[in-house]
Amino acid sequence: MIKKPYLEYDVIDPACKITIIPVPEKAVIFFNGISDGKKPPLYKAGDKVKTGQKILLFAGSDEHAVSAVSGTITDISKYVGNFGKTCTAISIDVSEDEFDDSFGKDAAGGSLESVKDYLSCLPGNLPVKTLLDPEKKISTIIIPGVDTDLMVVTNQHVIKSKQVEIKRGIEILKSIPGINNVVIAVRRESVQGYGRIGAEIKNIDVRYPSAFPQFIIRDLLGKTVPAGKTPEDTGICMISAEAVASLGEAFLRNRIPTGKIITVIYKDEKKLVSARIGTPAGDVLKALNINISCGDRLITGGPMTGSSIYSEDYPVLPDTDAIMIQDGNSIEPFSDYPCINCGECIRICPANVPVNMLVRYLETKRYQEAADEYDLYSCIECGLCAYVCVSRMPLLQYIKLAKHELAGIKTAEEANA
């Protein structure tokens, strides 16, 4: 077999079946925000919650969570994730489902504004605040039917299996003032069959990382997202196929959907599952008879851009498209060996970043110089440079850390201005 000179996105197996993961005995819901120490939470251990119930945890907060299970709250505590990102974890002892009907009542008027606090927690992570923010001036929505990372087929499955829900979701999105163009981006062989879905269908390249937002926008719309900017800054909003389907399902059934579709990757095998948001990753693996051995790596996301997690108790989140287990025996560890200037990272970089020079500044924490002189913000974080690095340097981690540190500095400067 001739080895291709590029990495290619997987095609979903038409015979692939969804495995339904049982409702967990214990669930964890993440709330985007923490207490300022002045006001106690509005909920406490012992309080009951219902499936689909909107939770405002702190008075005066504009953040909400939606419980994907029914049960009793057992703990409310601060959670610190990657790069110091903090949120509040609500632990729940799960009981039999008792559905909250508030969404159906609030949605009766047909206004997205009246139910936006529910929709921000939909499976697929709908960016409802961005869509309804008048300052963003979103005019175009792109719905990728291909997942960004390799081996992940979550949104490929959704785009093929939930067309009724996606059509309804598109109708709702088009009702937002200013939205005048909706595009679905799919693989070339999948273009047929979407004639009545209510969106323009365009195909994307099968080569990684062509499903990244920057390249979809360039290749399909002929526009460029400037370095350091987001698609939303240019009036374009990327929404996953699952988020659109979840939006349509919510209004079709007058109930917030709670099941998240996930691609589980283990030793080059893939399984599609549906699990309640809040289900511990360990419960998903147990249901599939997958055991983690000492030295294995547990990751949320795909092989190129996923992030390691350090506990099987880490929950399924609205944006968890994949859970991957890397066999400890096949992991090539990163090293502290220096760059040898082989140029492989430069040749493979799709954004033409001089990675060999950039990393020298990042290693010494000269982040602002890296941004000013060596295109730090042009990096799309696809991970290809680390994939080909002969020295096995953690290039993607260096880049993510640099952006995180610079964002922290900017936030501090704005606060002190």
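**Ground rules.** I number residues from 1 along each chain as its sequence is written, and I work with heavy atoms for side-chain values, leaving out hydrogens and water. Because the model is predicted, local features need pLDDT of at least 70 and side-chain atom pairs count only at pLDDT 80 or more, while totals for chains, interfaces and linings use all residues.

Entry 1: I looked up an open sheet of four strands, and its order is 10-9-8-11 with parallel pairing. Strand 10 (200-204) and strand 11 (236-238) stand at the edges with a single partner strand each, so one side of each has no neighbour in the sheet. For my own reference, strands (E, at least two residues) and helices (H or I, at least four) are DSSP runs, numbered from the N terminus, and two strands pair if DSSP finds at least two bridges between them. Strand 8 (residues 140-144) and strand 9 (residues 181-187) run parallel and are joined by five bridges. I picked out Ile142, whose bridge partner in strand 9 is Val183.

**Entry 2: rings.** My search of the whole structure gave nine aromatic pairs. Rings of Phe, Tyr and Trp (its six-membered ring) pair if their centres lie within 6.5 Å; planes under 30 degrees apart are stacked, over 60 edge-to-face, and the rest tilted. One of them is the tilted pair of Phe30 and Tyr79, at 4.8 Å centre to centre with 35° between the planes. Phe30 sits in strand 2 (residues 26-31) and Tyr79 in strand 6 (residues 70-80), so this pair ties together parts 49 residues apart in sequence. Are these two buried or exposed? Phe30 is buried at 18% relative accessibility, and Tyr79 is partly exposed at 28%. The scale is: buried under 20% relative accessible area, exposed over 50%, partly exposed in between (1.4 Å probe, protein chains only).

**Entry 3: salt bridges.** Side chains of opposite charge can pair when their charged atoms come close. I counted 22 salt bridges, each a side-chain nitrogen of Lys or Arg within 4 Å of a carboxyl oxygen of Asp or Glu. Asp93 and Lys26 make one, with the closest N and O atoms 2.6 Å apart. Asp93 is partly exposed at 29%, whereas Lys26 is exposed at 53%. I then turned to Glu242 and Lys260, where the closest N and O atoms are 2.4 Å apart. Glu242 is buried at 3%, and Lys260 is buried at 0%. Salt bridges with shared partners join Glu242, Lys260 and Asp321 into one network.
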